[in-house]
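Please look through the structure shown below before reading this report, and keep it in view while you read. The sections take up strands, cores, loops and salt bridges in turn.

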Amino acid sequence: QVQLVESGGGLVRAGGSLRLSCVAYGIIDEDFAMGWYRQAPGAEREFVAAVSGDGGTEYYGDSVKGRFTISLDKVKKTEYLQMDSLKVEDTAVYYCNTGEMRAVMTSGGYWGLGTQVTVSS
């Protein structure tokens, strides 16, 4: 059984930074990719970023390119999302997921319960 636990959310002012973490527990295929999505109130879930199982390939949603950085520590089974130059519109619940890359990129795989990020003006 796979369990994902996110942490690092909180309240930050616009222009600030936060780093989210997602730890994977259980038996994880070493080739599994990991990703981040977010969902704001009243909005659909939005793809944020994904990283390949070897950590060598990264993908980003258009709204976060150049501001967010995804990384992977395979030994710790942990992925990170460094969020810089935060904007009010980045306010959302952030979720991590894991699975085969195609699943991760299409909102599939295993999911965590999310962590709230609130950016104030």
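## A hairpin and its turn

In strand 8, the residue Thr78 is the bridge partner of Asp73, where strands are DSSP runs of E with at least two residues, numbered from the N terminus. Strand 7 and strand 8 pair in the antiparallel sense over six bridges, and two strands are said to pair if DSSP finds at least two bridges between them. The model is a predicted one, in which local features need pLDDT of at least 70 and side-chain atom pairs count only at pLDDT 80 or more, while totals for chains, interfaces and linings use all residues. Residues are numbered from 1 along each chain as its sequence is written, and side-chain values use heavy atoms, with hydrogens and water left out.

The hairpin of strand 7 and strand 8 has four residues between the strands, and in it Lys77 takes a positive phi near 50°. Lys77 lies in the loop between these two strands, strand 7 and strand 8, and is partly exposed, with a relative accessible area of 36%; here buried means under 20% relative accessible area, exposed means over 50%, and partly exposed is in between, using a 1.4 Å probe and protein chains only. Ser85, in the loop between strand 8 and strand 9, likewise has a positive phi near 50° in a residue other than glycine, and Ser85 is partly exposed at a relative accessible area of 43%.

## The sheet around strand 8

Five of the six residues of strand 8 are buried, so the strand is largely enclosed by the rest of the structure.

These pairings belong to an open sheet of four strands in the order 1-3-8-7, with antiparallel pairing. Its edge strands are strand 1 (3-7) and strand 7 (68-73), each of which pairs on one side only. From one strand to the next, the twist averages 15°, with axes taken as lines fitted to C-alpha atoms and angles running from 0 to 180 degrees between N-to-C directions.

## Nonpolar cores

In soluble globular proteins, nonpolar side chains tend to be buried together. A nonpolar core is defined as a set of buried Ala, Val, Leu, Ile, Met, Phe, Trp, Tyr and Cys residues joined through side-chain atoms within 4.5 Å. The largest such core in this model has 26 residues, and those with the most contacts inside it are Trp36, Val48, Phe68, Leu81, Met83 and Tyr94. Strand 3, strand 4 (33-39), strand 5 (46-51), strand 7, strand 8, strand 9 (92-99) and strand 11 (115-120) each supply at least two residues of this core, and the largest share, four residues, comes from strand 3. Apart from this core lies another, of five residues, among them Ala33, Tyr37, Phe47 and Ala50.

Which residues are in contact with Tyr94, leaving aside its neighbours within four places in sequence? They include Leu20, Trp36, Val48, Phe68, Leu81, Met83 and Val117, where contact means heavy atoms within 4.5 Å.

## A network of salt bridges

A salt bridge is a side-chain nitrogen of Lys or Arg within 4 Å of a carboxyl oxygen of Asp or Glu, and by this rule the count comes to four. Arg38, Glu46, Arg67 and Asp90 are linked in a network of salt bridges. Arg38 forms a salt bridge with Glu46, the closest N and O atoms being 2.8 Å apart; Arg38 is buried, with a relative accessible area of 5%, whereas Glu46 counts as partly exposed at 29%.

The side chains of Asp90 and Arg38 also meet in a salt bridge, at 2.8 Å from N to O. This pair links distant parts of the chain, with Asp90 in the loop between strand 8 and strand 9 and Arg38 in strand 4, 52 residues apart. Asp90 is buried, with a relative accessible area of 1%, and its side chain meets that of Arg67 in a salt bridge at 2.7 Å, N to O. Arg67 has its place in the loop between strand 6 (58-60) and strand 7, and at 11% relative accessibility Arg67 counts as buried. Not counting residues up to four places away in sequence, Arg67 touches Gln82, Met83, Asp84, Ser85, Leu86, Lys87 and Asp90.
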